Amino acid sequence: MLLRTDPFRELDRLTQQFLNTTGTWSRPTPMPLDAYRSGDEYVICFDLPGVAPDAIDIDVERNMVTVKAERRPHRQGDEVKWELSERPLGVFSRQVMLSDTLDPEGITADYDAGVLTLRIPVAEKAKPRKIAIAHGEGRKQIKA
């Protein structure tokens with residue numbers, strides 16, 4: 001038998017169970033993420049431990065990226081008697097709005113060790129560039 005020593009965790013679990021806050025397709029639970037810029041790309045990492053890769057769905061519509069995932073219960077035999085079940089099951093979802101400076105056509109995704117990583121390149125129009133300065137008679141009109 002397993003013993004629990006954190007009464008607050010148990011209270012949170014009971015509250016979640018009582019309020020039925022397990023994620024469903026119509027009302028998913030948000031998933032935690034980290035986002036940062038690395039060079040010429042933005043990286044977004046979603047925590048999805050215990051989720052099978054085929055249970056992850058990534059959609060891009062215009063500048064909105066939607067990630068949905070479902071953590072399904074593991075099939076157990078008839079002889080199994082659960083003592084403790086704290087790992088959340090159900091549907092998780094998160095939407096991220098991309099700015100116009102990012103290129104949604106170039107998004108790549110990788111899933112490793114329970115972390116889904118999206119890499120989104122910075123659009124060419126948003127990258128820093130040098131503007132040549134014309135002087136004297138050889139002036140050219142420069143479009144910035």
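**A turn and its surroundings**

Modeller: Happy to! Ser38 stands opposite Glu41 in β3. Before going on, please note that this is a predicted model, in which local features need pLDDT of at least 70 and side-chain atom pairs count only at pLDDT 80 or more, while totals for chains, interfaces and linings use all residues. Residues are numbered from 1 along each chain as its sequence is written, and side-chain values use heavy atoms, with hydrogens and water left out.

Back to the turn. Strand β2 (residues 33–38) runs antiparallel to β3, with six bridges between the two; strands count as paired if DSSP finds at least two bridges between them. The two strands form a hairpin with two residues between them, and Gly39 in that turn has a positive phi of about 65 degrees. Asp40 also sits in the loop between β2 and β3. Asp40 is partly exposed because its relative accessibility is 42%; buried means under 20% relative accessible area, exposed over 50%, and partly exposed in between, with a 1.4 Å probe and protein chains only. Beyond its neighbours within four places in sequence, Asp40 is in contact with Pro121, Val122 and Lys127, where contact means heavy atoms within 4.5 Å. The C-alpha atoms of Asp40 and Glu124 lie 9.4 Å apart, although 84 residues separate the two in sequence.

The protein chain has one helix and eight strands, and from the N terminus on the order is α-β-β-β-β-β-β-β-β. These elements are DSSP runs numbered from the N terminus: helices are H or I with at least four residues, strands E with at least two. Of the contacts between residues at least 6 apart in sequence, 52% join residues at least 24 apart.

Now for a second hairpin and its sheet. β4 and β5 run antiparallel, joined by six bridges, and Asp57 has Lys68 in β5 as its bridge partner. Two residues lie between the strands of this hairpin, where Arg62 takes a positive phi near 55 degrees. Most residues other than glycine have a negative phi, and Arg62 is not a glycine. Arg62 counts as exposed because its relative accessible area is 74%. Ala113, in the loop between β7 (108–112) and β8, is another non-glycine residue with a positive phi, of about 55 degrees. Ala113 is exposed as well, since its relative accessibility is 76%.

The open sheet that holds β4 and β5 has four strands in the order β1-β6-β5-β4, with mixed pairing. Its edge strands, each pairing on one side only, are β1 (29–30) and β4 (56–61). Two bridges join β1 to strand β6 (residues 90–97) in the parallel sense, and Thr29 stands opposite Phe92 in β6.

Within this sheet, Thr66 belongs to strand β5 (residues 64–71). Thr66 counts as buried because its relative accessible area is 14%. Its side chain makes a polar contact of 3.1 Å with the side chain of Gln95; such a contact is a pair of N or O atoms within 3.5 Å, where within protein one must be able to donate a hydrogen and the other to accept it, and residues adjacent in sequence count only if both atoms are side-chain atoms. Leaving aside neighbours within four places in sequence, the contacts of Thr66 include Asp57, Ile58 and Ser93.

Finally, the core. The largest nonpolar core has 18 residues, and those with the most contacts inside it are Phe46, Leu48, Ile56, Val67, Leu116 and Leu118. At least two core residues come from each of β3 (41–47), β5, β6 and β8 (115–121). A nonpolar core is a set of buried Ala, Val, Leu, Ile, Met, Phe, Trp, Tyr and Cys residues joined through side-chain atoms within 4.5 Å. Apart from neighbours within four places in sequence, Val67 is in contact with residues including Met31, Phe46, Ile56, Phe92, Leu116 and Leu118. Of the chain's 144 residues, 22% count as buried.
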